[in-house]
Amino acid sequence: MIKIWSMKKENAGVDKKKPKVSAGQIRVQKDLGELDLPKTMKMTFPVPEDLLNFELDISPDEGFYAGGTFKFSFAVNGNYPHDAPSVKCLQKIYHPNIQADGKICLNILREDWKPVLTLNSVMVGLQYLLLEPNADDPLNKEAAEDLRSNRRNFESNVHKSIRGGCVNGVHYDNVMTKK
């Protein structure tokens with residue numbers, strides 16, 4: 001009987017050394033396991049053991065932003081999927097739905113988030129924003145007005161900005177893919 005009691009104490013110590021896995025971590029592992037990224041997207045994990053913080057590169061092959069590579073950081077909290085992941089654009093780009101500080105206006109990251117949505121849903125949403133910017137729900141009001149009033153001028157400003165140029169006195173990051 002004493003031997004069984006001492007074995008329980010030893011095993012209890014072993015259990016305490018194992019880090020607890022949250023429901024959010026389990027769901028992230030599931031979401032990542034089900035991903036089938038297109039050739040225009042690439043994920044990286046700056047800290048390989050940390051699945052809750054990663055980066056996504058999107059290299060659109062069509063649309064206004066074709067030729068660029070856009071880097072987004074994802075931070076998923078332990079309450080995922082009940083809370084949306086926090087996503088930020090790591091470069092300063094000229095886009096109606098992305099602020100200079102990287103904040104992104106994507107409805108499923110805000111009021112339309114539901115636990116049935118996945119990381120893939122967010123990734124597809126980001127890709128779609130690069131293919132079809134939404135001038136009706138802007139964070140960068142100047143870019144949105146430019147898109148609404150003069151698509152050719154907007155396209156010219158995007159091309160200038162993704163090459164590291166200035167638009168309306170604001171300098172943007174060069175995001176052109178090196179080939």
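The structure holds 8 salt bridges. The model is a predicted one.

## Charged pairs

| Salt bridge | N to O distance |
|---|---|
| Arg-27 and Asp-31 | 2.9 Å |
| Lys-39 and Asp-61 | 3.5 Å |
| Lys-71 and Glu-55 | 3.8 Å |

Side chains of opposite charge can pair when their charged atoms come close.

Are they buried or exposed? Arg-27 and Asp-31 are both buried.

Asp-61 and Lys-39 come from two loops. The side chains of these two residues meet in a salt bridge, with the closest N and O atoms 3.5 Å apart. Asp-61 lies in the loop between strand E2 (53-58) and strand E3 (70-75), and Lys-39 in the loop between H2 and strand E1 (41-44), so the bridge ties together parts that are 22 residues apart in sequence. Lys-39 counts as exposed, because its relative accessibility is 77%.

Lys-71 is partly exposed, with a relative accessible area of 26%. Glu-55 is also partly exposed, at 21%; the cut-off for buried is under 20%. This pair belongs to a network of salt bridges that links Glu-55, Asp-57 and Lys-71.

## Overall fold

The chain has 5 helices and 6 strands. In what order do the elements run from the N terminus? The order is α-α-β-β-β-β-α-α-α-β-β.

The chain has 179 residues, of which 39% are buried. Its exposed surface comes to about 10,700 Å². Carbon and sulfur atoms supply 54% of that area. Of the contacts with a separation of 6 or more, 52% are between residues 24 or more positions apart.

## Helices H4 and H5

Two packed helices are described by the angle between their axes and the distance between the axes. Helix H4 covers residues 141-149, and helix H5 covers residues 151-162. Their axes are 5 Å apart, and the packing angle is about 135 degrees. H4 and H5 are therefore oblique to each other. The cut-off for roughly antiparallel is an angle over 145 degrees.

Which residues make the contact? H4 contributes Ala-143, Asp-146, Leu-147 and Ser-149. H5 meets them with Arg-151, Asn-153, Phe-154 and Asn-157. By class, the contact has 3 nonpolar, 3 polar and 2 charged residues.

## Backbone features

Where does the cis peptide bond lie? This bond joins Tyr-80 and Pro-81, with omega about 15 degrees. Pro-81 is placed in the loop between E3 and strand E4 (86-89).

Asn-168 has a positive phi, near 50 degrees, although the residue is not glycine. Asn-168 is found in the loop between strand E5 (166-167) and strand E6 (170-171). Its relative accessible area is 59%, so Asn-168 is exposed.

Technical notes
Residues numbered from 1 in each chain as written. Predicted model: local features only at pLDDT ≥ 70, side-chain atom pairs only at ≥ 80, totals over all residues. Heavy atoms only, no water. Axes fitted to C-alpha atoms, helices over the stretch in contact; angles between N-to-C directions. Helix = DSSP H or I, 4+ residues; strand = E, 2+ residues; numbered from the N terminus. Parallel < 35°, antiparallel > 145°, perpendicular 65-115°, else oblique. Contact = heavy atoms within 4.5 Å. Nonpolar A, V, L, I, M, F, W, Y, C, P; charged D, E, K, R; others polar. Buried < 20%, exposed > 50% of the residue type's maximum accessible area, 1.4 Å probe, protein only. Areas by Shrake-Rupley, 256 points an atom, 1.4 Å probe, with all protein chains shown as cover. Salt bridge = Lys/Arg side-chain N within 4 Å of Asp/Glu carboxyl O.
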